[in-house]
Amino acid sequence: MPRPPPPEGEAARNPGRARRYPRVMHDPRVLLDPATDAVRKLARRGFTLDVASLEKLLAGRNSAIQRGDEARAESKRVATAVKGAGREGDPQERDALVARARELKGIVAAAEEEHRELEAELQDFLLSVPNLPSDDLPDGASDEDAVQVRAWGEPRQLDFPPLDHVDLGEKLGILDLPRATKLAGPRFAVLRGKGAALERAIARYLLDLHTERHGYLEWSVPTLVNRATMTGTGQLPKFEQDLFKTGVADRELYLIPTAEVPLTNLHAKETLAVEDLPLAYTAHTPCFRSEAGSYGRDTRGLIRLHEFSKVELVRVVEAEHSRDELEVLLSHAEAAMQGLGLAYRVVKLAAGDIGFSAEFTYDIEVWLPGQQKYREISSVSNFGTFQARRAGIRTKAKDGRRGFAATLNGSGLPVGRTLVAILEQGQQADGSVRIPEALVPYTGFAELTP
RNA sequence: GGAAGCGUGGCAGAGCGGCCGAAUGCACUCGCCUUGAAAGCGAGAGUCCCGAGAGGGUCCGGGGGUUCGAAUCCCUCCGCUUCCGCCA
């Protein structure tokens, strides 16, 4: 069986002893506990859990650990006895002890080797098991199975034929897609003049809203991260094809697909005091996505790009509060929509349609007059302890009790799609676009005119 | 990229190949003292894994080696600091 690299760059170059592997991702005991109902839950997202293999791996690993521990314990006793025998001066007894010690060395090595192999197989197995979808989600596997929770604002019915954002952007002279293609290829964008200023204004508005009104701490983080970081939030090892990868010499780095990755991993391998939770973090970063598997979808305009910028919201909370925290986070993303006066609706995604690491996801969909449709603008998810286990984000309560944190994140909001919505919902009969009032202090202008 | 130095528990900082999971100080927890607090005195406390439990094992930057036995010796990788080179 091929052995994948352990979830750390250094370790990948320097494969180590099995016992050094951190205990991450799914807890195999929890997964196997009938009360967890993992088989049924995973089946809802089309994943078949091979219980027999998992049980076998776990039992084999544990017995190897035990054999090694016992041999090592005896080895320690013998080593101490050798010293005593040397001083008492009974060479024969000493020789016998040394011989036994040499023998034990082999036994320990064999048990460790077996442990290492089984541990690697177990890690490999667990790393590819997605999170368990919440029972509160509807059945289904596509966005058409999503269920509407509520709608806000009136989908504006225009008394003239609406343009989509590409036509609007070109007429206004703020969008230049041909030149973007010249520079980098399809699925990139160039914004010009007031378009670029509007993009900057949206980002500033969102950051101010979340830091000042919702209590988020703003960070500036790397957009190029290592393998361990990508594994912590669940992008790796399964979704390498979705990422842009770079590096120099033998150093590999990945471009982040969202600020969720660096923000959540800020506390990887740390133990957080429960009284410091919840943590609420935000960052405005570029996001890079290969969009493999989306050929032909949304090829026009700013909806689906290889590079876009986004203001991301991340919350690190106590595990038992994660469901409530999801509603809090959703309210913050909705506040951004309402602040900009953009008509939208909230839907619950179907169990088979949520991301690998998520257990519950709300999407916010904005009304786009140009398409006469609601389109996804923000995704707000609860990951439970799934990411925290993979990344090693632990908690410690005042009474000393330890556990894993829960993580959540949501777009709050993606700048490009927000700009699309502003153009389309704000368009007037004469081809001009009215800028949302809340943005005017940031733009310095209240409308865009051809 | 070149040269030198350094990586020990939350922090600081000792550490002869076995008596080192590791001195000491600060911080921390719980007592005592006090009207309360501080100071003082006493006690305690790390992590992760296996185990029903008793208990056992792991961890001195990572990995490997020497040895009956490694925080201590050797190799290697990584990181940090300083100097030089390059650079926004």
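A nonpolar core is a set of buried Ala, Val, Leu, Ile, Met, Phe, Trp, Tyr and Cys residues joined through side-chain atoms within 4.5 Å. Buried means under 20% relative accessible area, using a 1.4 Å probe and protein chains only.

The model in these views is predicted: local features need pLDDT of at least 70 and side-chain atom pairs pLDDT 80 or more, while totals for chains, interfaces and linings use all residues. Residues are numbered from 1 along each chain as its sequence is written, chains are lettered from A, and side-chain values use heavy atoms, leaving out hydrogens and water.

View 1. Let us start with the overall picture. Chain A has 14 helices and 15 strands, taken as DSSP runs numbered from the N terminus (helices: H or I, at least four residues; strands: E, at least two). The C-alpha trace spans about 105 × 50 × 40 Å along its principal axes. Of the 450 residues in chain A, 49% are buried.

**View 2. The largest nonpolar core.** This core holds 62 residues, and those touching the most other members are Ile202, Met337, Ile364, Leu423, Leu439 and Leu448. Helix H8 (residues 194–213) gives the largest share, eight residues. In soluble globular proteins, nonpolar side chains tend to be buried together.

**View 3. A closer look at Met337.** Which residues does methionine 337 touch, not counting residues up to four places away in sequence? They are Trp152, Leu342, Tyr344, Ile364, Val366, Ile377 and Leu413, where contact means heavy atoms within 4.5 Å.

**View 4. Helix H8 against helix H11.** H8 and H11 (residues 322–339) pack at about 130°, with axes 11 Å apart; axes are lines fitted to C-alpha atoms over the stretch in contact, and angles run from 0 to 180 degrees between N-to-C directions. H8 is therefore oblique to H11, since angles under 35 degrees count as roughly parallel, over 145 as roughly antiparallel, 65 to 115 as roughly perpendicular and the rest as oblique. On the H8 side, the contact uses Tyr205, Leu206, Leu209, His210 and Arg213, and on the H11 side His332, Ala335, Ala336 and Gly339.

**View 5. Helix H8 against helix H13.** Here the axes of H8 and H13 (residues 415–426) come within 10 Å and cross at roughly 115°. This angle makes H8 roughly perpendicular to H13. H8 contributes Gly195, Leu198, Glu199, Ile202 and Ala203 to the contact, while H13 brings Val415, Thr418, Leu419 and Ile422.

Conventions. Buried means under 20% relative accessible area, exposed over 50%, partly exposed in between (1.4 Å probe, protein chains only).
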